[in-house]
Amino acid sequence: MNKWGIPIVIEILVRERDKECVYCHTPFSISERKRKASWEHIINDIRITSADNIALCCVSCNASKGNKPLAVWLGSKYCASKNINANTVAQIVKDHLRKYSP
Ligand SMILES: [Zn+2]
């Protein structure tokens, strides 16, 4: 486990997969605060640590999403202003929407 409670194998897999924000596609930066990679639980449940619930997104998106459900957050002003929607998000997020939307 890393310090966020994410198993190391999952961390490695996700770091390989997500090279940019899964929501807004900002390439990650280690120096610029807003573009730092942060751990995201797509479903806001820290107990779900499978690779399909763990993703990397930028600090801005993470702060904006907070603990809103994904579908609700995608309808937010923040997403509208950044052109983030069900069609623009990374595949991992699309898979979620397909799997969990009613
Ligand atoms: Zn982002």
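First, the ground rules. The model is predicted: local features need pLDDT of at least 70, side-chain atom pairs count only at pLDDT 80 or more, and totals for chains, interfaces and linings use all residues. Residues are numbered from 1 along each chain as its sequence is written.

Now the layout. The chain has five helices and two strands. Both are DSSP runs numbered from the N terminus: helices are H or I with at least four residues, strands are E with at least two. Starting at the N terminus, the order is α-β-β-α-α-α-α.

Next, the dimensions. The C-alpha trace spans about 35 × 35 × 20 Å along its principal axes. The radius of gyration is 13 Å, which agrees with the value near 13 Å for a compact globule of 102 residues. That radius is taken over C-alpha atoms, and the globule rule is 2.2 Å times the number of residues to the power 0.38.

How much of the chain is buried? Buried residues are 23% of the 102. Buried means 20 or more other C-beta atoms within 10 Å of the residue's own, exposed means 12 or fewer, and partly exposed is in between; C-beta atoms are placed from the backbone.

Now to Cys-57. It sits in strand β2, residues 54–58. Cys-57 counts as buried because it has 27 C-beta neighbours inside 10 Å. Leaving out residues up to four places away in sequence, Cys-57 touches Cys-21, Val-22, Tyr-23, Ser-38, Glu-40 and Asn-62. Touching, or contact, means C-beta atoms, placed from the backbone, within 7 Å. And Cys-24? From Cys-57 it is 33 residues away in sequence and 8.0 Å away in space, C-alpha to C-alpha.

Key:
Two residues are in contact if their C-beta atoms, placed from the backbone, lie within 7 Å.
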